[in-house]
Amino acid sequence: MYFDSHCHLTDERLFGEADEAIRRAAAAGVSRIVTIGVGPDDAERALGIARRHLGVWATVGVHPHDAAGADAATLARVREIAADPRIVALGEMGLDYHYDHSPRDVQRRVFARQLELARELGLPVVIHSREAEADTIALIREAAAAGVAGVLHCFSSAAPLLDAGLEAGWYVSFAGLVTFRNFDGGDLVRRVPGDRLLAETDAPYLAPVPYRGKRNEPAFLPAVVAGLAAIRGEDAAALAQATSRNASRFYRLPAEAAAP
Ligand SMILES: [Zn+2]
């Protein structure tokens with residue numbers, strides 16, 4: 001069994017066929033999915049999908065790209081939506097200094113407020129970090145010290161951020177990049193303890209080989225897990241079980257019943 005710990009079923013490239021994509025995923029053995037809300041409106045749509053499917057849950061947060069548009073009312077809505085029992089984490093949130101769609105100081109402030117909200121609500125957080133390692137490390141250290149759990153999603157940074165996440169007791173998640181021929185992060189993939197590793201598609205982005213270049217979807221998760229298993233020199237079926245168990249633990253969902 002597989003758990004797609006991070007995808008965007010509400011993205012315009014998937015939303016119209018989200019139900020079919022979930023069925024295709026189930027047929028491929030992907031029985032659990034977390035679809036990420038990148039803002040309050042997006043999270044409402046994600047919740048709509050989660051309510052129709054037993055194996056689907058949602059998150060709510062403000063993406064760093066949209067930090068500049070987030071005011072007190074936005075964060076109040078995040079808090080309100082987070083009360084839904086099918087919301088399993090806050091995020092994705094974080095810092096993106098590659099695109100700089102929002103000013104960096106505003107990104108940091110909106111990220112810090114969401115970490116504070118996560119502490120208050122007792123929810124884990126999903127982190128997006130791109131070319132912002134030092135500032136991300138400072139904020140996750142502070143959050144972890146306050147008892148917040150998190151995952152570094154679609155990890156593609158260098159060792160310092162990975163190590164800071166692991167020291168914080170957090171999880172690390174990898175997406176289809178690990179299947180690309182030019183992927184050079186093998187050492188980092190091997191560095192994550194087996195009980196802290198998650199797998200994700202980040203669909204519709206970053207389709208794994210052999211679907212590279214196509215629109216990604218949760219049904220392609222087995223290719224990501226196979227890539228991780230090859231890099232780690234582990235059995236793919238065992239890694240599927242382990243990453244699935246880890247994702248259930250991280251999102252605080254009951255363990256899946258063993259297959260009959
Ligand atoms: Zn994402």
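Are glutamate 92 and aspartate 202 buried or exposed? Both residues are buried, where buried means under 20% relative accessible area, exposed over 50% and partly exposed in between (1.4 Å probe, protein chains only).

A word on the ground rules: this is a predicted model, in which local features need pLDDT of at least 70 and side-chain atom pairs count only at pLDDT 80 or more, while totals for chains, interfaces and linings use all residues. Residues are numbered from 1 along each chain as its sequence is written, and side-chain values use heavy atoms, leaving out hydrogens and water.

Glutamate 92 sits in strand E4 and aspartate 202 in the loop between E8 and helix H8 (221-232), so to speak distant parts of the chain, 110 residues apart.

Strand E4 belongs to an open sheet of 8 strands, ordered E1-E2-E3-E4-E5-E6-E7-E8 with parallel pairing. Helices (H or I, at least four residues) and strands (E, at least two) are DSSP runs numbered from the N terminus, and two strands pair if DSSP finds at least two bridges between them. Strands E1 (2-7) and E8 (197-199) stand at the edges with a single partner strand each, so one side of each has no neighbour in the sheet. E4 (residues 87-96) is joined to E5 (residues 125-130) by 5 bridges, and aspartate 96 stands opposite arginine 130 in E5.

**Salt bridges**

The structure holds 18 salt bridges, each a side-chain nitrogen of Lys or Arg within 4 Å of a carboxyl oxygen of Asp or Glu.

| Pair | N to O distance |
|---|---|
| Arginine 13 and aspartate 11 | 3.5 Å |
| Arginine 215 and glutamate 17 | 2.7 Å |
| Glutamate 44 and arginine 77 | 3.5 Å |

Glutamate 44 lies in helix H2 (residues 40-52) and arginine 77 in helix H3 (residues 72-81), so their pair ties together parts 33 residues apart in sequence. Aspartate 11 is buried at 15% relative accessible area, whereas arginine 13 is partly exposed at 41%. Finally, Glu17, Arg24, Arg215 and Glu217 are linked in a network of salt bridges.
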